[in-house]
There are 2 protein chains.
Amino acid sequence: MPAESPVVADLAEQDLLDRIFPHLPVGSRTLVPPGDDAAVVVAPDGRYVVTCDVLVEDVHFRRRWSSGEDVGRRAAMQNLADVAAMGARPVALVVGLVTPGSTPVAWVEGLARGLGDACRPLDVGVVGGDLSSGPVLVVAVTAHGDLEGRAAVRRSGAQVGDVVAHAGRRGWSAAGLALLTASRAELDPGLVAAYRSPEPHLAAGPAAALAGATAMLDVSDGLLRDGRRLARASGVTLDLDEPTRAFAADAERLASAAGTLGVDVTEWLLTGGEDHGLLATFPPDVPLPDPFGAIGTVTARTSDLVLVGGRPPRGGTTGWDHFGS
Amino acid sequence: MPAESPVVADLAEQDLLDRIFPHLPVGSRTLVPPGDDAAVVVAPDGRYVVTCDVLVEDVHFRRRWSSGEDVGRRAAMQNLADVAAMGARPVALVVGLVTPGSTPVAWVEGLARGLGDACRPLDVGVVGGDLSSGPVLVVAVTAHGDLEGRAAVRRSGAQVGDVVAHAGRRGWSAAGLALLTASRAELDPGLVAAYRSPEPHLAAGPAAALAGATAMLDVSDGLLRDGRRLARASGVTLDLDEPTRAFAADAERLASAAGTLGVDVTEWLLTGGEDHGLLATFPPDVPLPDPFGAIGTVTARTSDLVLVGGRPPRGGTTGWDHFGS
């Protein structure tokens with residue numbers, strides 16, 4: 001046993017838990033903290049929002065590209081973004097963790113630190129979890145939120161004439177991944193950081209709900225793919241503005257990396273996943289809450305669920321399918 | 001592609017979801033069902049109980065010993081038992097599922113059927129989930145429950161003089177696993193079924209809470225190991241009766257398998273895990289709710305957290321440690 005860099009198999013379960021727990025906030029709304037058969041969390045308005053996402057090594061992340069901290073923050077943030085996309089405030093997480101015995105303990109501590117760093121500023125408690133050995137790293141997060149008396153904003157409420165709006169980055173994560181894949185991370189460390197550790201605007205979810213958003217979702221699989229989901233659920237078509245205009249600041253930010261890698265920046269803007277921006281629709285007379293910007297309009301359903309500049313998007317630009325990969 | 005027995009890699013994600021969803025109950029307390037970024041579930045008394053457990057192939061189950069239905073029922077039941085052990089009524093599950101592309105679709109459908117079969121009679125909704133490919137089967141379940149206005153029954157409330165009581169089977173799952181390991185499943189299919197698909201007394205949890213239980217937990221890792229957890233949390237010692245007397249019916253039921261395999265039945269009774277019985281303590285004047293039976297008394301803390309017949313249990317009988325295995 002190398003005392004300098006122990007691996008998970010060197011520790012008893014309780015010893016590993018003792019290394020993890022100090023990094024995890026309990027949360028001010030947790031009535032019974034971890035350590036019992038289950039935690040108890042307050043749900044002041046008599047409802048809770050719940051969602052889960054699984055990250056699997058070499059499917060969703062690579063250890064040579066992402067530290068434990070990165071994966072911890074990302075696992076938290078992508079789940080909290082789903083909570084925010086209902087218009088809810090994130091409150092609590094539970095985490096199921098599968099680790100090979102050969103995993104460095106430092107990596108697992110990093111994961112816990114990343115989870116804690118993501119959750120603590122938001123007063124989100126990590127209220128439970130389970131550890132298992134297994135042949136591959138798996139981080140299964142279930143996140144909970146509080147609607148604070150508001151109606152949930154679903155995917156299905158978009159109305160013809162609504163404004164389509166987006167909050168958050170577009171294409172940064174895809175560009176960062178492309179740089180890593182091409183071994184050109186040094187070209188733009190900011191984009192690589194956006195891939196490793198996305199920073200969604202979680203407060204934009206409740207703000208959109210308060211402002212009267214008619215539909216909303218978290219853009220995890222790309223604007224086209226997730227846009228189609230919203231359009232299908234609502235029985236409408238989304239007519240998006242030309243992406244280099246709608247996301248002018250993102251297009252400018254991505255131009256250099258796109259040029260170097262020979263990628264059309266429109267591709268990243270339309271199909272890049274994992275930025276966890278929010279796509280929402282608002283009645284036309286509603287002032288858009290910060291940081292939403294208008295990116296299109298809702299029209300009556302046509303043969304295409306999403307149009308770009310009034311035309312069907314080019315074939316092949318369908319966004320990510322984690323499962324099919 | 002063998003049309004007769006397709007595997008997961010043959011299907012698009014949505015096609016696999018379309019095979020899974022029909023088996024899963026939504027639950028009458030689910031306000032927003034699966035299909036959005038998150039579900040919304042009612043929490044009538046302004047709190048919810050939440051717990052998670054992960055099952056990993058070849059750590060927690062083997063496909064040659066357990067069908068998809070078995071694993072689905074077991075994944076549900078062991079989580080619902082944790083909810084019940086707080087004194088809560090189970091309400092909702094979410095499921096993160098990792099499957100190798102080579103997994104037969106029929107196995108995954110079986111898993112969904114098993115989850116549904118466990119949940120439907122209890123009006124527990126399967127309110128969300130996530131699918132991913134990966135090199136090993138992982139079933140990560142997060143379960144939620146409703147305390148219905150009661151205080152949560154924690155591990156830490158046992159008082160000197162309390163009665164120690166247990167509800168449910170003891171040792172059946174361990175005996176079934178031992179039969180499978182010895183390739184003698186035909187000797188007692190009932191015990192093997194108890195391993196493959198435990199049937200905890202979930203209603204006993206709320207009943208214990210109503211009756212005034214001072215402490216409670218789900219016995220997943222064996223009576224000694226989980227008894228020590230309760231004793232440690234409560235700052236007491238549990239003095240258990242001789243197991244062949246305390247669990248006379250179980251001892252009789254296990255005798256034949258134990259004799260054939262050359263196992264001391266006391267070992268299964270004290271250290272067998274995965275039956276998901278409930279271990280609870282009650283004030284001495286309280287009539288024990290069905291199906292709890294008295295199995296010992298709570299004494300002032302001694303150097304041993306658990307005594308058996310007034311003496312320290314034999315060395316080595318510590319129960320399961322999934323993680324250390």
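**Figure 1. Strand E9 of chain A and its enclosed setting.** In this predicted model, strand E9 of chain A covers residues 236-240, and because five of its five residues are buried, the strand is largely enclosed by the rest of the structure. Val236(A), Leu238(A) and Leu240(A) point one way from E9(A), whereas Thr237(A) and Asp239(A) point the other way, and all of these residues are buried. In a regular strand, the side chains alternate between the two faces of the sheet.

**Figure 2. The pairing partners of E9(A).** Strand E11 of chain A, residues 293-300, pairs with E9(A) in the antiparallel sense over five bridges, and within this pairing Val236(A) stands opposite Ala300(A). Strand E12 of chain A, residues 306-308, is joined to E9(A) by three bridges, and these two strands run parallel. Here the residue of E12(A) that stands opposite Asp239(A) is Leu307(A).

**Figure 3. An open sheet with strands from chains A and B.** Six strands form this sheet, in which the pairing is mixed and the order is E5(A)-E4(A)-E6(A)-E3(A)-E2(B)-E1(B). Helix H2 of chain A, residues 68-84, lies across E3, E4 and E6 of chain A, and the helix runs at about 145° to E3(A).

**Figure 4. A crossover between parallel strands of chain B.** Strands E4(B), residues 89-99, and E5(B) run parallel and are joined by eight bridges, and Leu131(B) in E5(B) is the bridge partner of Leu97(B). Between these strands the chain passes from E4(B) through helix H3(B), residues 105-119, to E5(B), which makes a right-handed β-α-β crossover. E5(B), residues 125-133, is mostly covered, with eight of its nine residues buried.

**Figure 5. Helix H6 of chain B and its surroundings.** In H6(B), which covers residues 204-211, the residues Ala204(B), Gly205(B), Pro206(B), Ala208(B) and Ala209(B) are buried. The buried residues of this helix pack against several elements of chain B, namely helix H2 (68-84) and strands E4, E7 (163-167), E8 (215-219) and E10 (277-282). Just after H6(B) comes Gly212(B), which takes a positive phi of about 100°.

Figure 6. Chain B is superposed on chain A by a rotation of 180° with 0.0 Å of shift along its axis, and the RMSD is 0.0 Å; that is the relation of a two-fold axis. Among the residues of chain B, Gly46(B) comes closest to the rotation axis, its C-alpha lying at 2.3 Å. The copies meet through the same surface, because 100% of the interface residues of chain B are also interface residues in chain A.

**Figure 7. Confidence along chain A.** The mean pLDDT of chain A is 94, and 95% of its residues reach 70 or more. Over residues 319-325 of chain A, however, pLDDT stays under 50, although the model has 25 contacts beyond four places in sequence for this stretch. Where pLDDT is low, the predicted coordinates should not be read in detail.

Notes:
Residues numbered from 1 in each chain as written. Chains lettered and ligands numbered in written order. Predicted model: local features only at pLDDT ≥ 70, side-chain atom pairs only at ≥ 80, totals over all residues. Heavy atoms only, no water. Buried < 20%, exposed > 50% of the residue type's maximum accessible area, 1.4 Å probe, protein only. Helix = DSSP H or I, 4+ residues; strand = E, 2+ residues; numbered from the N terminus. Pairing = 2+ DSSP bridges. Right-handed = clockwise from strand over helix to strand, strands pointing away. pLDDT = per-residue confidence, 0-100. Contact = heavy atoms within 4.5 Å. Least-squares fit on C-alpha atoms with pLDDT ≥ 70 in both. Axes fitted to C-alpha atoms, helices over the stretch in contact; angles between N-to-C directions.
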